[in-house]
Amino acid sequence: MSDDTEDTDERLARLVPAAVTGDARALQDVIDLIHPQVVRYCRLRVPATRYPTPEDLAQEISLAVARAVPNYEDRGKPFMAFVYRIAANKIVDARRSQSRDLSVPTDEVPDNTPSGDTPETLTLEDSASNEVAELLDHLSEKARRIVTLRVFGGYSAEETAAIVGSTAGAVRVAQFRGLAKMREILEARGEHRQNTRTQ
């Protein structure tokens with residue numbers, strides 16, 4: 001752990017209890033301290049070319065942290081673990097909404113259509129994204145978060161466990177069961193389509 005991180009953790013350890021009790025100045029100091037780290041975290045995980053941008057997400061995460069601070073309970077972990085859990089959830093939400101919404105703002109409209117991205121392929125990709133999102137909706141909230149973090153977010157079992165408040169072993173089991181359930185639904189749909197065609 002770097003000296004900067006240790007210093008931040010120490011300062012947060014002093015400020016957070018006051019912020020929890022409603023000290024507005026302490027809360028502002030907490031947000032000022034976490035914001036640069038949240039921006040770095042988002043930049044590593046969110047392309048700058050997408051909307052919301054890493055900076056937009058960092059603002060949203062900082063606001064979510066500020067709202068969550070009054071209910072924060074110290075469980076012996078650094079406050080940044082709490083922040084990163086909120087950040088990871090916001091990033092997952094952003095990715096899910098992006099998979100459903102292809103209307104991404106852009107400054108310039110290209111003159112040429114990139115090769116390979118025909119309306120047909122884009123429609124198929126959009127349809128696949130929507131189907132995955134719909135399949136995820138069949139899982140429990142915790143299983144959905146775990147599958148999304150592991151499969152789409154690229155987080156390790158250990159990182160996912162820290163985010164959802166579980167163990168790496170439990171995360172792996174939940175991921176296996178969640179993917180198995182999604183596979184069963186897909187197979188059932190495939191059989192239904194096959195039966196419909198043969199009727």
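This is a predicted model: local features need pLDDT of at least 70, side-chain atom pairs count only at pLDDT 80 or more; totals for chains, interfaces and linings use all residues.
Local features were considered only at pLDDT of at least 70 and side-chain atom pairs only at pLDDT 80 or more, whereas totals for chains, interfaces and linings use all residues. Residues are numbered from 1 along each chain as its sequence is written, and side-chain values use heavy atoms, with hydrogens and water left out.

The largest nonpolar core comprises 41 residues, of which L12, V30, I34, I61, V65 and F79 touch the most other members. A nonpolar core is here a set of buried Ala, Val, Leu, Ile, Met, Phe, Trp, Tyr and Cys residues joined through side-chain atoms within 4.5 Å; buried denotes under 20% relative accessible area, exposed over 50%, and partly exposed the range in between (1.4 Å probe, protein chains only). At least two residues of this core are supplied by each of the helices α1 (3–20), α2 (24–45), α3 (54–68), α4 (79–100), α6, α7 and α8 (168–198). Helices are DSSP runs of H or I with at least four residues, numbered from the N terminus. A second, separate core of 7 residues includes L136, L139, V147 and I185. In soluble globular proteins, nonpolar side chains tend to be buried together.

F79 is buried, with a relative accessible area of 6%. Leaving aside residues up to four places away in sequence, F79 is in contact (heavy atoms within 4.5 Å) with L12, V16, V30, I34, V65, V69 and Y72. Y72 is likewise buried, at a relative accessible area of 14%.

Across the whole structure, 4 aromatic pairs were found. One of them joins Y72 and F79 in an edge-to-face arrangement, with 5.0 Å centre to centre and 80° between the planes. Rings of Phe, Tyr and Trp (its six-membered ring) pair if their centres lie within 6.5 Å; planes under 30 degrees apart count as stacked, over 60 as edge-to-face and the rest as tilted. Ring pairs link Y72, F79 and F82 into a cluster.

In helix α7 (residues 157–164), the buried residues are A157, T160, A161, I163 and V164. These residues lie on the same side of α7 because they cover an arc of only 165° around the axis, the arc being that of the directions from the helix axis to the C-beta atoms. G165 follows α7 and has a positive phi, near 75°.

K142 belongs to helix α6 (residues 141–152) and is partly exposed, with a relative accessible area of 41%. K142 touches V164, G165 and S166, not counting residues up to four places away in sequence. Although K142 and V164 are 22 residues apart in sequence, their C-alpha atoms are 7.6 Å apart in space.
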